[in-house]
Amino acid sequence: NNFNIIVENKDTYQAIPTTEHAICIFGSGHAATRIKTLLPWITTTPHIIYWGDIDADGLEILSELRQTGITCDSILMDSTAYKTYEPYGTKLDTKKQPLKTRDPKPTPGLTQHERNLYEQLCTGKNTTYLRIEQERIPINDAMKYSTTNTNGTQHTTNRTPVRNHNE
């Protein structure tokens, strides 16, 4: 029942509760693509999860991470999550400038559903906001997804901290 969750943002990393047999890794945006080199043992864990912002950059990072050879599932990075958390969306970037639409890039690491959302977020088609930051999504909602095995059973949690504190 071991799993690793890679998160895009520092605030989310710090908010993730400790979970038995799990490690939370701060991906630091596009730096997540170096994880396999820095933590080669990660590919030996049975379940890897990636959770990033619901925006074009977050989905590009997910694609790039998978292209490094890390097989991972994403959580809260699909159309259902977008619709659910749309009220938390923003039209501004991290520098408080208006987000701009852009041409979609090739993203061979995305599933078709992820790619569809990526294209919507790049073009602005059928979207109100181009970004929903992961730290705006309630941590308890994310933990429901991340602590469920593929067979539907729950991982158990404890108070033993197990984290990679390197930034």
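Guide: Start with the sheet. Four strands form an open sheet in the order S2-S1-S3-S5, and the pairing is parallel. The model is a predicted one.

Visitor: What makes S2 and S5 edge strands?

Guide: S2 and strand S5 (73-74) each pair on one side only.

Visitor: How do you know that S1 and S2 pair?

Guide: Two strands pair if there are at least two bridges between them. S1 and S2 have 5 bridges, in the parallel sense, so they count as paired.

Visitor: How many helices and strands does the chain have?

Guide: The chain has 6 helices and 6 strands. From the N terminus on, the elements run β-α-β-α-β-β-α-β-α-α-β-α.

Visitor: What share of the chain counts as buried?

Guide: Of the 167 residues, 45% count as buried. The accessible surface comes to about 9,100 Å², with 48% of it belonging to carbon and sulfur atoms.

Visitor: Why is Arg-66 called buried?

Guide: Buried means under 20% relative accessible area. Arg-66 has 17%, so Arg-66 is buried. Arg-66 is found in helix H3 (residues 56-67). Leaving out residues up to four places away in sequence, Arg-66 touches Cys-72, Asp-73, Ser-74, Gly-109, Leu-110, Thr-111 and Glu-114.

Visitor: Are Cys-24 and Cys-72 buried or exposed?

Guide: Cys-24 has 4% relative accessibility, under the 20% cut-off, so Cys-24 counts as buried. Cys-72 has a relative accessible area of 6%, so Cys-72 is buried by that cut-off too.

Visitor: How many disulfides are there?

Guide: A disulfide needs a pair of cysteine sulfur atoms within 2.5 Å. By this rule the count comes to 0.

Visitor: What makes a set of residues a nonpolar core?

Guide: The members are buried nonpolar residues of listed types, joined through side-chain atoms within 4.5 Å. The largest such core here has 42 residues. Those with the most contacts inside it are Ile-6, Ile-35, Tyr-50, Trp-51, Ile-54 and Leu-59.

Visitor: Which elements give two or more residues to this core?

Guide: The strands are S1 (3-7), S2 (22-26) and S3 (48-51). The helices are H3, H4 (79-85), H5 (112-123) and H6 (139-146). H3 gives the largest share, 5 residues.

Visitor: Which residues does Tyr-50 touch?

Guide: Not counting residues up to four places away in sequence, the partners of Tyr-50 include Ile-6, Ile-61, Leu-62, Leu-65, Cys-72 and Met-77.

Visitor: Why is Tyr-82 called buried?

Guide: Tyr-82 stands at 5% relative accessibility, and buried means under 20%, so the label holds. Tyr-82 is found in helix H4. Beyond residues up to four places away in sequence, Tyr-82 touches Ile-54, Leu-117, Leu-121, Thr-127, Thr-128, Tyr-129 and Ile-132. Tyr-82 and Leu-117 are 35 residues apart in sequence, with 8.6 Å from C-alpha to C-alpha.

Visitor: Which residues of H6 are buried?

Guide: They are Ile-139, Asp-141, Ala-142, Met-143 and Ser-146. These buried residues pack against S1, helix H1 (10-15), S3 and H4.

Visitor: What is the phi of Ser-28?

Guide: Phi of Ser-28 is near 55°, a positive value in a residue other than glycine. Most residues other than glycine have a negative phi. Ser-28 is found in the loop between S2 and helix H2 (35-38).

Notes: Residues are numbered from 1 along each chain as its sequence is written. This is a predicted model: local features need pLDDT of at least 70, side-chain atom pairs count only at pLDDT 80 or more; totals for chains, interfaces and linings use all residues. Side-chain values use heavy atoms; hydrogens and water are left out. Buried means under 20% relative accessible area, exposed over 50%, partly exposed in between (1.4 Å probe, protein chains only). Accessible areas come from the Shrake-Rupley method with a 1.4 Å probe; for residues, only the protein chains shown count as cover. Contact means heavy atoms within 4.5 Å.
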